[in-house]
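Keep the viewer open as you read.

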Amino acid sequence: RVFPSLQGLSSPMLRCPSQRLLDRIVRRYAEVPDAGSIYMDHLTDRDKLRLLYTLSVNSHPILLQIFPDVEGWPFPRYLGSCGRLVVSASTRPLRDFYGAAPEVAADLALQLLAVLRSMGTNDLNYFFYFTHVDAGTFGVFSNGHLFIRDASTLGIIDKEEGSQMIDGQQEYKDIFSCLTVDCQSAFVSCNSIRDKHSLVMVCQELLPKLLKGKFLQPVQEKIDSFLQHCADGLADDQGVNEAVTELAEILKPLRSCDSRFAYRYPDCKYSDKY
């Protein structure tokens, strides 16, 4: 729909594309006049090349445009961009909260689990998975609400249409393919990505640093045991939803309801949801 001769972009977001996802990108690309037109006439060749270049170098601003926060997606609001500069709402990285009070750590861990669940199960039937996570991947607004701060490492699989990636296409190289990654690096097969993929990564890299040594026994022992079990890949017979529910049940009694958590206060005083 943009340039038929260019295929196989190295962006994680487009490793497992579907026509539905590509249409969504083109129609919601905001850096052109008359964005959202049902016709493609509003995209000049220059616009098309800029879109492809952005997708290849850093898909973060594109994701923020096509899955906006006003629709409930866990991303900061996209305000605009100019070249390599992207302007969005400010957040503090999750690493700033590794030394936070136990009730704050429990609250952030629960939000993190909720984000992962929404990335795997949502009304649009898109499955989001991380190719990499670190302490800067997630951020926290001043009201205590956790969001995905860096979406550049997110891949997307269309559970409704399925992937259009074929084995031979992974060998195809276009003019953008080698800008940000090693051209010889092997890509993970779309079919090999499981529901637990992102949860296992978070259990390995983030949750131990956020929850380590924060709580009294035997609660801390239960948390440490679960995180180790999760980091090892979970048992074959345990689904992601069951695993998330298990950890959430441990953490829920550990968070508090006060003005430090403005995103849910004072609602938490009157709702069973919290």
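Look at what gets connected here: Cys 203 belongs to helix α5 (residues 197-205), while Cys 230 belongs to helix α7 (residues 219-231). The two cysteines are 27 residues apart, and the pair links distant parts of the chain. Are these cysteines buried or exposed? Both Cys 203 and Cys 230 are buried. Keep in mind that what you're looking at is a predicted model.

How many disulfides does the chain have in total? The count is 2, and the other one is formed by Cys 257 and Cys 268, with their sulfur atoms 1.8 Å apart. Its S-S torsion is about 80°, so the disulfide between Cys 257 and Cys 268 is right-handed too. Both Cys 257 and Cys 268 lie in the segment after α8 (240-251), so this bridge ties together parts that are 11 residues apart in sequence. Cys 257 has 27% relative accessibility, so it counts as partly exposed. Cys 268 has 10%, so it counts as buried.

Now zoom out to the whole chain. Of the 274 residues, 48% are buried. Take the contacts with a sequence separation of 6 or more: 72% of them are between residues 24 or more positions apart. The accessible surface of the chain is about 14,000 Å², and carbon and sulfur atoms account for 51% of that area.

Next, back to α7, the helix that holds Cys 230. Two packed helices are described by the angle between their axes and the distance between the axes. For α7 and α8, the axes come within 10 Å and cross at roughly 160°. Angles over 145 degrees count as roughly antiparallel, and α7 and α8 are therefore roughly antiparallel to each other. Their crossing is left-handed.

Which residues meet where these helices pack? From α7 come Val 219, Lys 222, Ile 223, Phe 226 and Leu 227. Facing them from α8 are Ala 243, Glu 246, Leu 247, Ile 250 and Leu 251.

Note on methods: Residues are numbered from 1 along each chain as its sequence is written. This is a predicted model: local features need pLDDT of at least 70, side-chain atom pairs count only at pLDDT 80 or more; totals for chains, interfaces and linings use all residues. Side-chain values use heavy atoms; hydrogens and water are left out. A disulfide is a pair of cysteine sulfur atoms within 2.5 Å. Helices (H or I, at least four residues) and strands (E, at least two) are DSSP runs, numbered from the N terminus. Buried means under 20% relative accessible area, exposed over 50%, partly exposed in between (1.4 Å probe, protein chains only). Contact means heavy atoms within 4.5 Å. Accessible areas come from the Shrake-Rupley method with a 1.4 Å probe; for residues, only the protein chains shown count as cover. Axes are lines fitted to C-alpha atoms, for helices over the stretch in contact, and angles run from 0 to 180 degrees between N-to-C directions. Angles under 35 degrees count as roughly parallel, over 145 as roughly antiparallel, 65 to 115 as roughly perpendicular and the rest as oblique. A crossing is left-handed if the near helix is turned anticlockwise from the far one by less than a right angle, and right-handed if clockwise.
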